[in-house]
Amino acid sequence: MTSTRHLHQECRQHSHQLQEAHGCTKAHGGHAHGCCCGEVQSEMHVLPPEAAAAGSISRTYLLHGLGCANCGAKIERAVGQLPEVKTAVLIFATKKLQLTLHEDVNLLTAVQAVCDSIEEGIRVGEHTGGAAGKSTANAEDNQQAFRRRSLAEIVCGGVLFIAAEWLGIVPEQYHLPALLIAYIVLGRPIVAAAVRSLLKGHALDENFLMTVATLGAFAINAWEEAVGVMLFYRVGEYFEELAVEKSRSQIMEAVDLRPETVNLLAGDDVVVIDAAAAQAGDVLLVRAGDRIPLDGVVEEGESLLDTSAITGEPLPVAVHRGDAVMSGCVNISGMLRLRVEKVLAESMVSRILVSVEKAAASKPHIDRFITRFARVYTPVVVGIAALTALVPSLLTGNWQYWVYTALTFLVISCPCALVLSVPLAFFSGIGAASKRGILFKGGIVIEALKNVAAVVLDKTGTVTKGKFAVHSILPAEGITETRLLQLCASAEQASVHPIAVSIIEEARRRGLELHQPEGFREIAGEGLAVSCGTDKLLCGNRKLLQRYGVSNIPAEESDCGSEVLIAADGTYLGRILVSDTLKEDAVDAVQKLRQQKLAVVMLTGDSEQEAQAVAKRAGISEAHGRLLPQDKFTQLQRLREKYGPVMFVGDGINDAPVLAGADVGAAMGSGADAAIEAADVVFMKSEMRAVPQAVDIARSTAAVAWQNVIFALAVKAVIMAAGVLGYASMWAAVFADSGVALLCVLNSVRLLYMHK
């Protein structure tokens, strides 16, 4: 897999084995439980810069007015050939051109020159690190003025064409002049752009092809079709641009939650300032209904927060004084005073936006293939059109029929629908995932995820909460459960081990009085020897009790978790079984993964007994325990040979090598930074249900992208075949170009609504 994998080969490989009291053999990995104009300066830690080498200089430019996906691909290719540029990536969905440079130079003028040579009307602006932004005001005004002018031309030319051709209210002697005037009104910008393109050496852009096709129609006396085709081309182009802009805004609204302004408290006054101007330590006022603007801590007030925009969690979360809150969440009820902990560039809303934009910049194989295919497709179809106009005409003498057919091919040869169909689909999929708290690190990750055959899960922090709880209490004859728990919990106060904490919590939950131990000895890997009043207590594993000569220890029968054996004054008193708590959605998530025809396997550093017990409760058919990080990697290789491409889900530092070695690595957002860095997918809210959701979104996204490609090619092929047979007109060819592009855009945006 060619994702961020190679960046993490130097990842530290730690395996902290907690073989302390109670003989616990769990491998813990450092869990931490517990069109835009504003450039985000900081980088999200879950998404390191994919292509930048050490010392590389990065610049980002915004291409206002970019409306043609095929022209965007040409601009990307041309800018990438500039001597100062290492790499150039144009994200059509956000109009951002991201450059990696050999040295720190401003290429604004050079990029503008490239854009001018390829598509008229593009205005290049440099990212200046402003506040949350959409398009600049001037660029937006210019775009609106351009649209109004286009609409006026379409209406005037359309009314004149309909009056002359369909309504018959133009006298016969003025019929042709009326059509000529209508063509000039409608076709003037297209013909002018074609002439400029021809002078610059770009003879195969859509303006030139449309001009040749319509002027050719005039030449063979198909006046009505020449004007009608230009009219419907302009209408299709207008609505295509509106659809593209609408899709861009819908996707960016889903992922760009950055605030424009914040309410700063200055004494008793509220001052509205730019969000980018807020500093750490400032106190902000967040009213009910407002979105939390920046990451911070609640200083005063309590409320319910809707965190669905960040984590995908549908249920409101209660917050009180002292609670940390993430930007992007919506304050539902009470008023809050929020102390800023992170400035705008470092807050969650900016980090998510950065991750989404970088993901869009990592183009999938299908996108790169279609871009290369479009470079070949247009000249091939133009060549076919030329042969169609000449060869059959020379053989049959029916020049008008075959020239007309060739002209339809010229209209069909525009590759915009093809080039547009893929990037918007993947950007929509990335946006839909981010709304669910799932961050993909690129389109290539989506492609890999849709092909996985098995999902391999770590246990602690992934399938389970990483929080132990008392499962059962098994006293020996002559002692009650309550007395056994009380003695054990009293002794365990001398330990901070997670198992000890769970036993103490259970005793306090039952309201038991605990006695403070007077002295203790902790034996690593075995347990505790404690003095509690007159009792000499032993709490630990079998080795501990055998060390002190305790007899009559029953055979091990535990099928769930770890056992803590208790003895007093050399007499065995009983045992307490402690197990990790299964996540609430684990069983349902595993079931959904199986419904997706995926094999589900669990790998853990815990004991084999614990692994099998948790797997049984979660519904996982295959599990392997007592695995060190290198053992997990070996098992992963075996599973890949058995099933095919593998996705690994983990959250510990010790999972980083396995995450980097899997076909797709996914990390729980509550996990260690090393694991998150090494992963291809990050689940912001550490829930198991996100795993099948990610697979579903990846499959849907890839399916929509292929639907668009196949639909566009199929319609073009059908119209071409029908044209050869005399059943397709140039009007149908316009639908094969602009109409298909419009439908592909709408199909792509559908992903945002499929995964609400």
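## Overall composition

A residue counts as buried when its relative accessible area is under 20%, as exposed when over 50%, and as partly exposed in between (1.4 Å probe, protein chains only). In the protein chain, 57% of the 756 residues are buried. This is a predicted model, in which local features need pLDDT of at least 70 and side-chain atom pairs count only at pLDDT 80 or more, while totals for chains, interfaces and linings use all residues. Residues are numbered from 1 along each chain as its sequence is written, and side-chain values use heavy atoms, leaving out hydrogens and water.

The protein chain has 22 helices and 28 strands, taken as DSSP runs numbered from the N terminus (helices H or I, at least four residues; strands E, at least two).

## Nonpolar cores

A nonpolar core is a set of buried Ala, Val, Leu, Ile, Met, Phe, Trp, Tyr and Cys residues joined through side-chain atoms within 4.5 Å. The largest one holds 143 residues, and L63, V79, L99, F440, V463, M647 and F683 touch the most other members. Helix α21 (residues 690-724) supplies the largest share of this core, 14 residues.

Contact means heavy atoms within 4.5 Å. Leaving aside residues up to four places away in sequence, F683 touches several residues, including I438, M647, V649 and A694. Another core, of 27 residues, lies apart from the largest one and has V470, L484, L485 and I503 among its members.

## Packing of α9 and α11

Residues I366, D367, I370, F373, A374 and Y377 of α9 meet L418, V419, V422, P423 and F426 of α11.
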